Structure formats: C-alpha cells, structure tokens
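These are my notes from going through a predicted model. I kept them in the order in which I looked things up.

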Amino acid sequence: MTDTKGKRAKVDDDEGSELDPELVMAIEKLQEVQDDLERVNEEASDKVLEVEQRYNEIRRPVYNKRNEIIQSIPDFWLTAFLSHPFLCDLLSEEDQKVFKYLESLDVEDFKDVKSGYSITFTFKPNPYFEDTKLTKVFKFSDEGTTSVTGSTPKWKDGMDLTNGVVPEKENHKRSHTEDSFFKWFTDFAQKESLEGIQDEVAEVIKDDLWPNPLKYFNNEAEDEDYEEDEDADDDDDDAGKGAEELEEEDEEPDEEDEES
C-alpha cells in the first residue's frame, strides 16, 4: 500500500500548511479502493492467462489441420512472406529459393503463456542445409529477463547464405540489403527497450502473419493495415508523454516562421 504519510509530508512541504483531516481521510480511503482495484486487476490478469492457455490447447489441433492443408499448396509460405509489407524485405533472392522447400511454419506458446514461445520452420530435404527444422525460442523469466536461443543451420558445402557469398557465384559478394534471412535464427542481439528484448521479426510472425497467413497468401492485406498498427504504436508513445512535453513540441516555431 502506498505510504500516505509520505505523501502528506511532501504536500505539507510544498504548501507550507497542514492538510485538512477530512481530506487526508478521503485520500487514505481512495488509496484503499485503489489497492482493491489493483488486486482485482491482478486476479483478472491471472484469469485471462488461464483462459488463453486453455484456448491454446483448443487451437492446437486446428493449427495442425491448417498446416496439413498448407503443405498441399505450393510455395504457400514463400508467397505469404513476399506479400507481407514487412517480411517481404527480409528475403534475398537466394532465401526465396530456400523458402520453396519450406513445408510448414509453427508458432507455439509454452504451456505457461507468460514463460515464452517458439517459432519453428520445417523444411523438406533441400540442397542448402541438412536440417529439417530451424527453431528460435524466447523464454521469459519472472524477473523480467528474456533469453533467446536458435538453431544454427548445418549448411552444405558452398551453400552457406549467411556468409555473404551467393552459392555457385563465390566471387559475387552480396550487398548489405541482401543479408540472408537465415541470420535471424542465430541473431541474439535484439534491440533492448524498457520492456526487455525486442525482436521485431519474431513479433510480426507471431502476432501478424501466424494468426491468418491466408490473408497474405491471397494478397488481401493492404499496406495501410500494417501502417495503421505502427501508427497506433506511435500514438501510444505520444500518450506516454507529459502534457508539458507535448505543448513544448507544439510551440516550437518553424524556421520559415522565424525568418519571416
């Protein structure tokens, strides 16, 4: 519970006078109600997690059925990736050739939803690497830390796309923009933020592509849909700013106005 005595002392110092006893009583009662709300919110969060975990179990056979159908559609995941406004820029020409062997993609939350999730790419036998599965795993601890692990592809001789050399054209160096998507599986230096490790690729796959890949395969998603999600994030950032900070931004004169 918040220390109301500390708050009173601070107000007394600022105003130089004692607070009205009735006002103090009202503040203490308000704090008690706020504490009750916090307990209810915590209980609600636990219930939401229980429901999410239960429905994850219900969704699993449906996802499995969906994956079985997808395997009968040529280049499904390649097409979905190339139709996605963010993911399309991550595949080089050589990556696209590898993705033709991509049989299934699977996102699975841990049984305890709060503890993490995994993203698994399953490939048919191919001339690029020995693996049939490549996985990236995100584990969240109760202390708020995140650990990330991933599969290191066992590339066949001369076929490593992550070393910047195009197979069968060893003298042809890739440009920076052609970095292989497969570096992502072993890239654990994600962007740090106040909320912990951020992996935008994983988040887009998990929260946007995975729920409805058919939308992208059919190219039904408009770029505006993805941009609106990003705009919403920007709005959330603005909402976190103080009123004075926003007012200062509004009051900054343009250079043209100053010159005039």
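**Entry 1: Asp106 and Arg60.** I began with the pair Asp106 and Arg60, whose closest N and O atoms are 2.8 Å apart, which makes the pair a salt bridge under the 4 Å cut-off. Asp106 belongs to strand β1 (residues 102-109) and Arg60 to helix α2, so this pair ties together parts that are 46 residues apart in sequence.

**Entry 2: Asp109 and Lys206.** Since Asp109 lies in strand β1 and Lys206 in helix α5, the pair ties together parts that are 97 residues apart in sequence. Asp109 is partly exposed, its relative accessible area being 24%. I also recorded that Asp109, Lys206 and Asp207 are linked in a network of salt bridges.

**Entry 3: Ile205.** Ile205 also has its place in helix α5 (residues 200-209), and with a relative accessible area of 0% I list Ile205 as buried. I looked up its distance to Ile119, which is 86 residues away along the chain, and found the two C-alpha atoms separated by 8.4 Å.

**Entry 4: the course of helix α2.** How far apart are the end C-alpha atoms of helix α2, and what span should its residues give? At 1.5 Å a residue, the 50 residues of α2 (residues 21-70) should span 74 Å, and the end C-alpha atoms are 69 Å apart, which agrees. I did find a kink in α2, of about 30 degrees, at Arg59, shortly before the proline Pro61. At the start of the helix, a side-chain oxygen of Asp20 reaches to within 2.7 Å of the backbone nitrogen of Glu22.

**Entry 5: the sides of helix α2.** Arg59, the site of the kink, also meets Glu52 in a salt bridge between their side chains, at 3.2 Å from N to O. Both partners are partly exposed, Glu52 with a relative accessible area of 30% and Arg59 with 31%. The buried residues of α2 include Asn56, Arg60, Tyr63 and Asn67. For reading such a list I keep in mind that an α-helix has 3.6 residues a turn, so residues three or four places apart point the same way. On the surface, Val51, Tyr55 and Ile58 form a nonpolar patch with about 250 Å² of accessible area together. Val51 is placed in helix α2 and is partly exposed, at 39% relative accessible area.

Entry 6: Which residues have a positive phi although they are not glycines? I noted Asp75, with a phi of about 55 degrees, and Asn219, also with about 55 degrees. Most residues other than glycine have a negative phi. Asp75 is found in the loop between α2 and α3 (76-83), and at 28% relative accessibility Asp75 counts as partly exposed. Asn219 has its place in the loop between α6 (213-217) and α7 (223-239), and Asn219 is exposed, with a relative accessible area of 52%.

Methods:
Residues are numbered from 1 along each chain as its sequence is written. This is a predicted model: local features need pLDDT of at least 70, side-chain atom pairs count only at pLDDT 80 or more; totals for chains, interfaces and linings use all residues. Side-chain values use heavy atoms; hydrogens and water are left out. Helices (H or I, at least four residues) and strands (E, at least two) are DSSP runs, numbered from the N terminus. The expected span of a helix is 1.5 Å times one less than its number of residues. The bend at a residue is the angle between axes fitted to the seven residues ending there and the seven starting there. Buried means under 20% relative accessible area, exposed over 50%, partly exposed in between (1.4 Å probe, protein chains only). A polar contact is a pair of N or O atoms within 3.5 Å; within protein, one must be able to donate a hydrogen and the other to accept it, and residues adjacent in sequence count only if both atoms are side-chain atoms. Patches are made of residues with over 30% relative accessible area and no salt bridge: like charges are joined within 9 Å, nonpolar side chains (Val, Leu, Ile, Met, Phe, Trp, Tyr) within 5 Å. Accessible areas come from the Shrake-Rupley method with a 1.4 Å probe; for residues, only the protein chains shown count as cover.
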